[in-house]
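Have the sequence and the 3D view open as you read.

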Amino acid sequence: MYYTTDTATTPNAKIPEGDLKDKWSNFKDKTRLISPNNRHQYKILVVGTGLSGASAAASLAELGYNVSTFCFQDSPRRAHSVAAQGGVNAMKNYKNDGDSVYRMFYDTLKGGDFRAREANVYRLAECSSHLIDQAVAQGVPFAREYSGYLANRSFGGVQVSRTFYARGQTGQQLLLGAYQAMMRQVHLGRIKSFTRHEMLDLVTENGVAKGIIVRNMDTGEISRHAAHAVVLATGGFGKIYYLSTLAMGCNGSAIWRAHKKGAWTSCPSWTQIHPTCLPQAGNYQSKLTLMSESLRNDGRIWVPQTKNENRKAIEIPEEDRDYYLERKYPSYGNLAPRDIASRAAKERIDAGHGVGPLKNAVYLDFKDAIATQGKDIISKKYGNLFNMYEKITGINAYQQPMMISPAAHFSMGGLWVDYELSTNIPGLYAIGEANFSDHGANRLGANSLLQACIDGYYVLPQTLPQYLAQQGKATPPESSSEAFMKAENQVRSQLEELSGINGSKTVDHFHRELGKILYDKCGLSRSAKGLTEAIESIRVLRKSFLQDLKIPQVLQGINEELEKAGRVADYLEIGELMCIDALSREESCGAHFREEHQTPDGEAKRNDSDFSYISCWKKNADTPVLIKEPLQFEFTKPTERSYK
Amino acid sequence: MDFKLKIWRQDNPQSKGKMVDYEVKKISPDTSFLEMLDQLNETLILRGENPISFDYDCREGICGQCCLFINGRAHGPIEHTSTCQLHMRSFREGETIYVEPFRAGPFPIKKDLKIDRQALDKIIASGGYISVNTGQAPEANQTLIDSDTVEQAFDAASCIGCGACVASCKNGSAALFTAAKISHLFQLPQGKIEHKKRIKNMVETMDQLGFGACSNTGACEVECPQGISISHIALMNREFWK
Ligand SMILES: Cc1cc2nc3c(=O)[nH]c(=O)nc-3n(C[C@H](O)[C@H](O)[C@H](O)COP(=O)(O)OP(=O)(O)OC[C@H]3O[C@@H](n4cnc5c(N)ncnc54)[C@H](O)[C@@H]3O)c2cc1C
Ligand code: SF4
Ligand code: FES
């Protein structure tokens, strides 16, 4: 057995009393506050300056807390939130198309295949409208109608238009808003920003979070930071697949090291594989670029009817094309949710209908949209995406269809948190993509910028002070304890160990191998047999990593290979837990598709009587322990998730 | 494709650097410039040599972290393209390629091709924002903004903070970077209120950090990966002297 189950522990999600609509207000009405004069005595560390971290840091500093931020890039503004293109959802009902907080809540819950908490998801929808107000006030240049009103578009998995966007750079513009708010607090002296500092361990004393150990990536210096609370806002770990839409430095190390100190990890196997990315073109490739999902509003997805088609796309007549999403899912068509669209693409590619030099892609065609709307309109909507496509591939998508294929993109899983975004370690919080959060087993497009912002601007600044208030009078945080010393020594010895192996293969070699295993066996489709094989192969790979890794043996100054080695060491452990998580869930739900559990027509078959829970993995000396947080549906009735 | 490379190597901020010769062979034309350097690094590591340090993160042209000076141009030969979006098909077979860091007084070299650009953050910290606390904002559609205005503000807002404008300016001026933020916020009604203070603080900070003065050569605009126009500098100057 790869894991044991602990049925005696039931996680307390701390969901407030009352009707769904009143829960968040009830929480806010009763939460304990700290007087403005005392706030500066409390020190809070925010690790990560993406949308969630920057917004949390700015908001907490505005309230008067003493904040330090950390990020591995050379500026907080470069966090990978910057790469989000498509948009951010919010319930404004500007279109009068029947949107409501309840509908947004229900769409998100259903999109996640009923594997998220009702109360959390409702709060996300409830707070969404104010985020747009906040962002506009900060100067985020969202798209406008000619009349001057804010514009909307629609995104996969919903039938209303609730997505706000800023050209193809929504994430960048939202992040600049949060970054600027944060830099304003830096200027006021309320935030100390540590860039190029990587968190390498969490320090706990008596089970309570007390601080972190970080490495200065420019000098190699290791330092201790003590605080009253630690917030992890370190983003997603989809880069574990090596080829992904994430940035090169994205990692799972901060949350994994917290996991090793006792924090539970939830549903790590729930990875969103995005349907519209540029296909892999060769071995040397280091990332797969995402083409915004918004393209599916006007682009039609198809493959040739015949296998191993050799004609060029434009030479293939209509009757020889299979618009498989429109055929299989007539009511949502090309806007079917991501998991469904990706799986459908994989199914067609595996069946021999793939296109492109490696036969690993499908077409995304704008011919009809250009014919009906004109090239100018299409160019206004997607011009920068078409340019980007041409820059990378050398192909003009106004003339021939784009080629796209699925790629690892988003981690629905992450650290377990309760309604207050606290992990099971008191004083340790997780926000943004780093927590397992509100997206269930599949995230709807444009909901995660939202979640990162809501966590950071609205939820954490209300919930974290309650924890501080419970501590009573603040005593200055201390970093000279035994626990800090031990953690620091451990970090140092791991770095020495990794650089001392002196084997014969580079870090990237091991990372690429791990990525292949995970894409193959723990990607779009999983089976007990495949997952067991994957666990065994990962163990072999980890052993070989620890014996045969070669990196420059310098601990001082800049050493990128050492940074990467630490991350890959963690990925090799996370990868195993992902497979174990996927193995333990004997059902299909959202992005988690178990071949053994499908309907006769190949759709995911959920099993609510046995698997309506959130998996919470606890670190144990040998095998991980599974704790289950049962999901209660008081206000909705889980239904089959059909998009036909 | 095969290439000869001349790459700037420098151990640390204090040491003296120099150009070192390398060769790479059988590189696919569709390889990105950074992936070509990755391949070179793999061979260096396996040979037990120190790999070349260079900056990158997103590798999709949006984070602004990549910053190479290639054949005498910031971000290389293709206009309005960041280094990570440059592919080897843009070079000639057998070509000798010169790779250096972005050079400017306020951007000290950390190692090889990696530079310190904290000065740009400092310019933003001195005033590149609208002072609104979380929770204060009014309903978003209360202030209508015509779409052309928003689009013009967006042109400026799209700056990725790479510093190519500084590196390609003979005076090492950060005028384009600074003007882009000033212009983005100035053009929007919600940014007008603090405008005077913002422009004064940001321009002063820029000068204090040792960036040079703008003499309108327009070199920055050509290399800017986001195609930000020097008309924003004109706006900044006009408003500064008002
Ligand atoms: C290509 C792409 C497109 C996307 N498009 C959309 C979209 O259109 N709409 C949408 O809603 N969502 C989109 N998403 C998802 C969304 O962008 C992310 O989920 C969200 O931005 C994550 O924000 P974050 O604050 O949690 O993390 P990030 O923005 O990733 O920030 C992570 C931060 O943590 C820091 N960090 C990480 N590890 C460490 C460490 N060990 N030590 C110190 N610091 C560390 C990093 O430096 C960084 O500052 C997209 C994602 C990708 C990859
Ligand atoms: S103005 Fe252009 S060149 Fe200068 S930092 Fe911004 S994006 Fe880079
Ligand atoms: S690596 Fe992000 S812009 Fe080039």
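## A term to start with

A salt bridge here is a side-chain nitrogen of Lys or Arg within 4 Å of a carboxyl oxygen of Asp or Glu. Keep in mind that you're looking at a predicted model.

By that rule, the count between domain 1 of chain B and domain 2 of chain B is one salt bridge. B:Arg73 pairs up with B:Glu223, and their closest N and O atoms sit 2.9 Å apart.

## The two domains of chain B

So where do those domains run? Chain B splits into domain 1, covering 3–114, and domain 2, covering 118–241. Their C-alpha centres are 28 Å apart.

## Where the domains meet

At the interface, 20 residues of domain 1 of chain B are in contact with 20 residues of domain 2 of chain B. Together the two domains bury about 1400 Å², with 64% of it on carbon and sulfur atoms. On the side of domain 1, B:His80, B:Pro106 and B:Phe107 supply 38% of the area buried against domain 2, more than any other three residues.

There are also two residue pairs in polar contact across this interface. The domain 1 residues that touch domain 2 come out as ten nonpolar, seven polar and three charged.

## Aromatic pairs

Over all chains, the whole structure has 28 aromatic pairs. Take A:Trp24 and A:Tyr419: their ring centres are 6.1 Å apart and their planes meet at 70°, so the pair is edge-to-face.

A:Trp24 belongs to helix α1 of chain A, while A:Tyr419 is in the loop between β17 and β18, so this pair ties together parts that are 395 residues apart in sequence.

Notes. Residues are numbered from 1 along each chain as its sequence is written. Chains are lettered from A and ligands numbered from 1 in the order in which they are written. This is a predicted model: local features need pLDDT of at least 70, side-chain atom pairs count only at pLDDT 80 or more; totals for chains, interfaces and linings use all residues. Side-chain values use heavy atoms; hydrogens and water are left out. Domain bounds come from an automatic or database domain assignment. Contact means heavy atoms within 4.5 Å. Buried area is the accessible area (1.4 Å probe) that two parts lose on being put together, summed over both. A polar contact is a pair of N or O atoms within 3.5 Å; within protein, one must be able to donate a hydrogen and the other to accept it, and residues adjacent in sequence count only if both atoms are side-chain atoms. Ala, Val, Leu, Ile, Met, Phe, Trp, Tyr, Cys and Pro count as nonpolar, Asp, Glu, Lys and Arg as charged, and the others, Gly among them, as polar. Rings of Phe, Tyr and Trp (its six-membered ring) pair if their centres lie within 6.5 Å; planes under 30 degrees apart count as stacked, over 60 as edge-to-face and the rest as tilted. Helices (H or I, at least four residues) and strands (E, at least two) are DSSP runs, numbered from the N terminus.
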